[in-house]
Amino acid sequence: MNALGEGHSEQAGRPPEARTQVGEEAEAGLAQQAWTLLFELLHTHMRNFPALAAEFDLSPVQAHVLRQLGEGALAMSTLATYLSCDASNVTGLVDRLEARKLVERRSSEQDRRVKMLVLTEAGAELRGRLIARMARPPPFMASMPEEDLVALGDIMRRALKTQ
């Protein structure tokens, strides 16, 4: 309310272009707030990821690799890029997964110098159990009201469609 007790919005006396700018800034502020909260929620939840990976006798990085390999064969160089590490680090990581018979290296059909990683049957089975465990919602989410979960799911689906 203004000094006269009238219920005008803060933008009412501004020219239309100024009102639009203030509205865009407010929307950007809301988007930043929502993104910050979502990022913080994910960051907090990911603190539990090492323990989750350990349930399957995996390191967190090994669990990420298995999750990534479910989408098909992957070049070791692509995996190095995905993990933001040097290819030599990937070699040791893959050696350990291969020793457990979870992945195998194959030569690329297009270029035999390129090594592709594929899940073995045991790797695919472990990945399936890992993904099922990762999909289990944390207690705070499992206890949310149904209407909130429906709304949150709708919001996340719309956000993913833009990616």
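Which residue in β3 is the bridge partner of Val 103? In this predicted model, the partner of Val 103 is Leu 119 of β3. That pair belongs to the pairing of β2 with β3, which is antiparallel and extends over five bridges. Strand β3, residues 115-119, also pairs with β1 in the antiparallel sense, here over two bridges. Strands of a sheet pair through backbone hydrogen bonds, either parallel or antiparallel.

Taken together, the three strands form an open sheet in the order β1-β3-β2, with antiparallel pairing. The edge strands are β1 (74-75) and β2 (103-107), each of which pairs on one side only. Helix α3, residues 60-69, packs on this sheet and touches β1, β2 and β3. The direction of α3 makes about 90 degrees with that of β3.

Helix α3 also has helical neighbours. With α5 it packs at an angle of about 75 degrees, the two axes lying 11 Å apart. Angles of 65 to 115 degrees count as roughly perpendicular, and α3 and α5 are therefore roughly perpendicular to each other. On the α3 side the contact is made by Val 61, Gln 62 and Val 65, and on the α5 side by Leu 93, Arg 96 and Leu 97. By class, these residues comprise four nonpolar, one polar and one charged.

The packing of α3 with α6 has an angle of about 105 degrees, with the axes 10 Å apart. These helices, α3 and α6, are therefore roughly perpendicular to each other as well. Here Ala 63, Leu 66, Arg 67 and Leu 69 of α3 meet Leu 126, Arg 127, Leu 130, Ile 131 and Met 134 of α6. The contact of α3 with α6 has seven nonpolar and two charged residues, and no polar ones.

A further helix pair is formed by α4 (residues 76-83) and α5 (residues 87-99), whose axes come within 9 Å and cross at roughly 105 degrees. Helices α4 and α5 are therefore roughly perpendicular to each other. From α4, Met 76, Leu 79, Ala 80 and Leu 83 meet Ala 87, Val 90, Thr 91, Leu 93 and Val 94 of α5. In the contact of α4 with α5 there are eight nonpolar residues, one polar residue and no charged residues.

The largest pocket has a volume of about 1,400 Å³. Its lining consists of 37 residues, and those nearest the centre of the pocket are Leu 38, Leu 41, Leu 42, Met 141 and Met 156. The elements giving two or more residues to this lining are α1 (16-46), α2 (49-54), α3, α6 (121-134), α7 (139-142) and α8 (146-161). Which element gives the largest share of the lining? That share, 10 residues, comes from α1. In class, the lining residues divide into 28 nonpolar, five polar and four charged. Helix α3 packs on the sheet and also gives residues to the lining of the largest pocket.

Terms used. Residues are numbered from 1 along each chain as its sequence is written. This is a predicted model: local features need pLDDT of at least 70, side-chain atom pairs count only at pLDDT 80 or more; totals for chains, interfaces and linings use all residues. Side-chain values use heavy atoms; hydrogens and water are left out. Two strands pair if DSSP finds at least two bridges between them. Helices (H or I, at least four residues) and strands (E, at least two) are DSSP runs, numbered from the N terminus. Contact means heavy atoms within 4.5 Å. Axes are lines fitted to C-alpha atoms, for helices over the stretch in contact, and angles run from 0 to 180 degrees between N-to-C directions. On a 1 Å grid over the protein atoms alone, a cavity is a set of points where a 1.4 Å probe fits but cannot get out, and a pocket is an open set with protein on both sides within 12 Å along at least five of seven lines; lining residues have an atom within 4 Å of a point. Grid points are joined across faces, edges and corners, and a volume is the space filled by probe spheres set on the points. Ala, Val, Leu, Ile, Met, Phe, Trp, Tyr, Cys and Pro count as nonpolar, Asp, Glu, Lys and Arg as charged, and the others, Gly among them, as polar. Angles under 35 degrees count as roughly parallel, over 145 as roughly antiparallel, 65 to 115 as roughly perpendicular and the rest as oblique.
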